[in-house]
Amino acid sequence: MVITLNGERFELDRPLSVTDLLTQLEIDPRRVAIEHNLNIIRRNTFPEVIVEDGDTIEIVNFVGGG
Amino acid sequence: MTDSPFVIAGRTFTSRLIVGTGKYSSFPVMAQAHEASGADMVTVAVRRVNLTDRSRESLLDYIDTDKIFLLPNTAGCYSADEAVRTARLGREAGLSNWVKLEVIGDERTLFPDNEALIEATRVLVKEGFVVLPYTNDDPIACRKLEDAGAAAVMPLGAPIGSGLGIQNVNNIRIIREFARVPLIVDAGVGTASDAALAMELGADGVLMNTAIAGAQEPVAMATAMKYAVIAGRLAYLAGRIPRKMYASASSPVEGMVGR
């Protein structure tokens, strides 16, 4: 299956939870915010929200800025 | 002389200097500059996680968030919708409802789009955000932002990163007269005297990034800015003497030798 991850095509074997996606990407869930199909998802729901084929995911964090 | 505390939306800050986290040569230099500045609020930007290079260190490893309050910005947003979306993501990433709201209207000047800025302020205030809008040095725009529920107004001194200092001193004075919320001069500071001037005009605080991060010695400049903001504030509270055309002697005119 294919999703759009931060604007890029990204392949996954099967649907998985946001928590599992972050684990696979080696991203600390405490430091990011995530949009799933344009909806912001709460951190405490990362284990329940399932990423399916065709979904759009944005993962953002804080970077230097003024 | 005692000063009133620096309070925004019920939160008290020890420093009237707010600094950025961008453009530093390294995170350790940034951390040292933050320490030297004495700032207890820093701005951060919200961007996509770098998925190809996960080895890169995180900005947050170099900010002691027990001591320093994070203020996410919406830098780079060119519409109200985009800014609102970014503010919501910032809230989720940082777990606070504060935002430095930027809606840019022009790429070369990075001047704000006032209309979109006011619209985005309204939306975010309704959603419970503490909105600190970066705005033009326009007293009317500042008044409209205040009416829309902004927790502070943050007029620019000069274009972002320009280092030109405060270009329209009189407008900042007028905004000072008008504002019932904290006034923070945001952007355009080049050196310490610019920050001092902002405070002398009655600003409650100054926000800067490039002036420190881009200095040849950022840590030394951060120290200079710390003192400039303190000096400017004290001078404002002390009440300066009026400007006069001609001299008035400081030493007695009587008792001159040989007269």
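Reader: At what angle do helix α1 and helix α8 of chain B pack, and how far apart are their axes?

Author: Two numbers describe a pair of packed helices: the angle between the axes and the distance between the axes. In this predicted model, helix α1 (residues 27–37) of chain B packs against helix α8 (residues 218–238) of chain B at about 20 degrees, and the axes are 7 Å apart.

Reader: Are α1(B) and α8(B) roughly parallel or roughly antiparallel?

Author: Angles under 35 degrees count as roughly parallel. α1(B) and α8(B) are therefore roughly parallel to each other. The crossing of α1(B) past α8(B) is right-handed.

Reader: Which residues of α1(B) and α8(B) meet?

Author: From α1(B) come B:Val29, B:Gln32, B:Ala33, B:Ala36 and B:Ser37. From α8(B) come B:Pro218, B:Val219, B:Ala222, B:Thr223, B:Met225 and B:Lys226. By class, this contact of α1(B) with α8(B) has 7 nonpolar, 3 polar and 1 charged residues.

Reader: Now the contact between chains. How many residues does each chain give?

Author: Chain B gives 29 residues and chain A gives 19 residues. On the chain B side, β4 (41–48), β5 (69–72) and α2 (80–94) each supply at least two residues.

Reader: Which element gives the most to the side of chain B that touches chain A?

Author: β4(B) does, with 6 residues. The side of chain B that touches chain A divides into 14 nonpolar, 9 polar and 6 charged residues.

Reader: How does β4(B) run against strand β7 of chain A, parallel or antiparallel?

Author: Antiparallel. Strand β7 (residues 56–64) of chain A is joined to β4(B) by 5 bridges. Take A:Asn61 as an example: its bridge partner in β4(B) is B:Arg47.

Reader: What is the strand order in the open sheet of chain B?

Author: The order is β6-β7-β8, with 3 strands and parallel pairing. β6 (98–101) and β8 (154–155) of chain B are at the edges. Each has a single partner strand, so one side of each is left without a neighbour in the sheet.

Reader: How many bridges join β6(B) to strand β7 of chain B?

Author: There are 4 bridges between β6(B) and strand β7 (residues 130–135) of chain B, and the two run parallel. Within β7(B), B:Pro133 is the bridge partner of B:Leu101.

Reader: Step back to the whole chain. What is the radius of gyration of chain B?

Author: It is 20 Å. A compact globule of 259 residues would be near 18 Å, so the chain B value agrees. Along the principal axes, the C-alpha atoms of chain B fill a box of roughly 85 × 40 × 35 Å. Chain B has 8 helices and 10 strands.

How values were computed:
Residues are numbered from 1 along each chain as its sequence is written. Chains are lettered from A and ligands numbered from 1 in the order in which they are written. This is a predicted model: local features need pLDDT of at least 70, side-chain atom pairs count only at pLDDT 80 or more; totals for chains, interfaces and linings use all residues. Axes are lines fitted to C-alpha atoms, for helices over the stretch in contact, and angles run from 0 to 180 degrees between N-to-C directions. Angles under 35 degrees count as roughly parallel, over 145 as roughly antiparallel, 65 to 115 as roughly perpendicular and the rest as oblique. A crossing is left-handed if the near helix is turned anticlockwise from the far one by less than a right angle, and right-handed if clockwise. Two residues are in contact if their C-beta atoms, placed from the backbone, lie within 7 Å. Ala, Val, Leu, Ile, Met, Phe, Trp, Tyr, Cys and Pro count as nonpolar, Asp, Glu, Lys and Arg as charged, and the others, Gly among them, as polar. Two strands pair if DSSP finds at least two bridges between them. The radius of gyration is taken over C-alpha atoms; the globule rule is 2.2 Å times the number of residues to the power 0.38.
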